[in-house]
Amino acid sequence: MAAHRSESESRVVAKKLLIILALFYSVEYIVSSILAGAYELEFNGSLPFDHEHFGVDTDAEKAALLSLVLSMLCLAGIVYGIVRATSKLWDYVVTVAVVHLLLSCFVMLAFPTNWRWWVSLLVLTGGACVLCSAVSLCVRDRRETLVLSASGVPVRAGR
């Protein structure tokens, strides 16, 4: 029975992770294509993964930076919307960041050596984790069920 439960939990985690990855990269490509149009850049599909041209010096570097920033901020909402379990939010965010690192290496055919890319990825991953946890705590406090006492006055459940 324990093996069956573990297998179904693994399937649920894998299913949620695939949904999160699909939504994250959909958002990242939408944001990248909008930024490529705004900066009048040719969009070749590698902008979301471009760690070689990443920073604030040129329009292409700004587009790559903003694409990562906006996508990671959206990731917090995506993960909270899919997972909702506070103890597992960080796991999913960090997993997406690791997958993004691996895909960036694969697409650009090079390991990232740009310090701005690394700092951005690490800070945004931590920020997305904290944002997920903060949203979860705020929403959980508001979700507590109110019940009516015998006099008709709302009282928090469990008190």
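In what order do the elements of the protein chain run from the N terminus on? The order is α-α-α-α-β-β, with four helices and two strands in the chain; helices (H or I, at least four residues) and strands (E, at least two) are DSSP runs numbered from the N terminus. The model is predicted, with pLDDT of at least 70 needed for local features and 80 or more for side-chain atom pairs, while totals for chains, interfaces and linings use all residues. Residues are numbered from 1 along each chain as its sequence is written, and side-chain values use heavy atoms, without hydrogens and water.

Helix H2 covers residues 59–82. Its 24 residues should span 34 Å at 1.5 Å a residue, and therefore the 34 Å between its end C-alpha atoms agrees; the expected span is 1.5 Å times one less than the number of residues.

Of the 159 residues in the protein chain, 34% are buried (under 20% relative accessible area, 1.4 Å probe, protein chains only). Among contacts (heavy atoms within 4.5 Å) with a separation of 6 or more, 63% join residues 24 or more positions apart. Carbon and sulfur atoms hold 66% of the accessible surface of about 9,600 Å², computed by the Shrake-Rupley method with a 1.4 Å probe.

The lining of the largest pocket comprises six nonpolar, three polar and two charged residues, including Phe-43, Asp-50, His-53 and Met-108.

Key. 1 Å grid on protein atoms, 1.4 Å probe; cavity = no way out; pocket = protein on both sides within 12 Å on 5 of 7 lines; lining within 4 Å. Nonpolar A, V, L, I, M, F, W, Y, C, P; charged D, E, K, R; others polar. Buried < 20%, exposed > 50% of the residue type's maximum accessible area, 1.4 Å probe, protein only.
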